[in-house]
Amino acid sequence: MSKIYLSLGTNLGDKKGNLEHAVILLSEKVSVVKVSSFYETEPVGYKDQPWFMNIVVEGTTDLPPEDLLVFTQSIEHEMKRVKTIINGPRIIDVDILLYENVKINTETLTIPHPRMKERAFVMYPLFEIAPDLLIDGKSLKSMMENFKGEEISRLDV
């Protein structure tokens, strides 16, 4: 079993329900170990859209990275995600952040996620559930000391 971290986000419909449903679907092939609190974050890139609700999930899986990508994309498809514009509104987004200590850079998959260290909607919930995590040999705790990203707030839902 390989340890993985996934980022989930939504800004359409029942946001909390979307995230909870996606976690249930994930559990078909991922043993969910921890789920962060819910966070509300301003959009990145395309600003003229509703704010997002995000979580990070820690889990384990037997799926190799490429199969995990296919599986996460199947969840997006099942939940009727429609890609209209880059960084635009979506019912669900499931991104692979980390997969053990694996480094992959292909046309379809990059692990660690290439922009994760720039995004509050990833870093804050990841720090909540894995404060002692090392990414590329650097502690998550030290990365968070001077972190600057989009506006974010932890929700009590």
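The largest cavity in this predicted model holds about 30 Å³ of space, a cavity being a set of points, on a 1 Å grid over the protein atoms alone, where a 1.4 Å probe fits but cannot get out. Volume here is the space filled by probe spheres set on the points, with grid points joined across faces, edges and corners. A search of the whole structure turns up one cavity of 30 Å³ or more. Ser-7, Asp-95, Leu-97, His-113, Arg-115, Met-116, Arg-119, Phe-121 and Val-122 line the largest cavity, lining residues being those with an atom within 4 Å of a point. β5 (93–99) and α3 (120–129) each give two or more of these residues; helices (H or I, at least four residues) and strands (E, at least two) are DSSP runs numbered from the N terminus.

Then there are the pockets, open sets with protein on both sides within 12 Å along at least five of seven lines. The largest takes in about 800 Å³. Its lining runs to 35 residues, with Arg-90, Asp-93, Asp-95, His-113 and Arg-115 the closest to the centre. At least two lining residues come from each of β1 (2–10), β4 (52–61), α2 (65–78) and β5.

The second largest pocket comes in at about 230 Å³. Of its 14 lining residues, Leu-98, Glu-100, Asn-101, Val-102 and Leu-134 sit closest to the centre, and β1, β5 and β8 (134–135) each supply at least two.

As for bookkeeping, residues are numbered from 1 along each chain as its sequence is written, and side-chain values use heavy atoms, with hydrogens and water left out. Local features need pLDDT of at least 70 and side-chain atom pairs count only at pLDDT 80 or more, while totals for chains, interfaces and linings use all residues.
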